[in-house]
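Please consider how the packing of helices may be read from a structure. The dialogue below takes up that topic.

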Amino acid sequence: MINRRKFISRTALAAMGILAIPAWLRAVKAASPVFPLRGNTPMVISTWNHGYEANEAAWKVLESGGSAVDAVEQGVRVPEADPDNLSVGLGGLPDRDGHVTLDASIMKGNGECGSVTFLEHIKHPISVARLVMDKTPHVILSGEGALQFALENGFGKENLLTEKAKKAWEEWLVKAEYEPVINIENHDTIGMLAIDKQHHIAGACTTSGVSFKMHGRVGDSPVIGAGLYADDEVGAATATGMGELVLKTLGSFLLVEFMRNGYSPQEACEEGIKRIVEKIPGYENFQIGYLAVNTSGETGAYAIHKGFNYALFRDGKFELIDSDYYLKS
Ligand code: SD4
């Protein structure tokens, strides 16, 4: 883990301009937008073990020379369509009033991004977020307006509340104790980051959010900089877990900025969790998992609790990896 002295010395170096990008390099970068991107790519990384199937779909796009943004969109559509996944798209657990409301965001390393929040009845919120990015002058569409936009663009309206999710909600209603539960094992939100053969980076994040949440609650996943951030010059990061902790620390942006200042993706993830530990009382009752990748294709992951894992595809090697974590005892 990075100690304070190391951080201060990096900050001092940055202030002295030693870590800053020299003018000649800025000129080369401007002339060649792919210049800073190198390393072992294409690659794709995503949260939790269901990331494996999602990565397979993303990998097909990357392998055939497709773009990172197409790869992450196609990748996360897999858990969105899976009725057995209780935290994403179809089959997501509803809010406490029985509505399945979805959040999703997508971002390209050139800064283009789009998101939807509090969207009902549409199985693939990530593709609506993609259209917000591609077809509107806006970044976020929410609720009824997002639904209207989706319907106008050919998306079908569906009932997303499966029998399984309805049963879980009815069981919850017996006590109806309102406690936002994002604990150690209760997640499936997918955050995915990819780098394509052209060395561009992109990310996507999609979720039904905290189960039995208040109607109208929006988490970190659709907030650019919180649940997701990507920058072709540096890298990308995504988050899973109790979104309020990520929102309060603007986690993914923070991780990318740590990397911009010279931290490795692993160090950035650890520092992001450390920020939560230092700033948010009661953090130990919740799980957060961070994933990050830099433009060289190096990856990092870190969580508050044991149990976070992620899927990494690269070089024809497909791995499911357990993340390191903060609370060891
Ligand atoms: C949220 N971060 O809405 C999401 C939930 C999540 O695994 O990641 N669950 O707060």
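**Reading helix packing**

Q: Which residues of α5 meet which residues in α6?

A: In this predicted model, Val128, Leu131 and Val132 of α5 meet Ala146, Phe149 and Ala150 of α6, where contact means heavy atoms within 4.5 Å. By class, 6 residues in the contact of α5 with α6 are nonpolar, with no polar and no charged ones. Ala, Val, Leu, Ile, Met, Phe, Trp, Tyr, Cys and Pro count as nonpolar, Asp, Glu, Lys and Arg as charged, and the others, Gly among them, as polar.

Q: What describes two packed helices?

A: The angle between their axes and the distance between the axes. Helix α5 (residues 125-135) and helix α6 (residues 143-152) pack at about 85°, with axes 10 Å apart. α5 is therefore roughly perpendicular to α6 (65 to 115 degrees).

Q: At what angle do helix α4 and α5 pack?

A: Helix α4 (residues 68-81) packs with α5 at about 150°, their axes being 8 Å apart. The two are therefore roughly antiparallel (over 145 degrees). Among the contributors are Asp70, Glu73 and Arg77 of α4 and Ser127 and Arg130 of α5. By class, the contact of α4 with α5 has 5 nonpolar, 1 polar and 5 charged residues.

Q: Is Glu270 buried or exposed?

A: Glu270, in helix α10 (residues 265-279), counts as buried because its relative accessibility is 11% (buried is under 20%, exposed over 50%, with a 1.4 Å probe and protein chains only).

Q: On what basis are these values given?

A: Residues are numbered from 1 along each chain as its sequence is written. Local features need pLDDT of at least 70, side-chain atom pairs count only at pLDDT 80 or more, totals for chains, interfaces and linings use all residues, and side-chain values use heavy atoms, leaving out hydrogens and water.

Definitions and conventions. Axes are lines fitted to C-alpha atoms, for helices over the stretch in contact, and angles run from 0 to 180 degrees between N-to-C directions. Helices (H or I, at least four residues) and strands (E, at least two) are DSSP runs, numbered from the N terminus. Angles under 35 degrees count as roughly parallel, over 145 as roughly antiparallel, 65 to 115 as roughly perpendicular and the rest as oblique.
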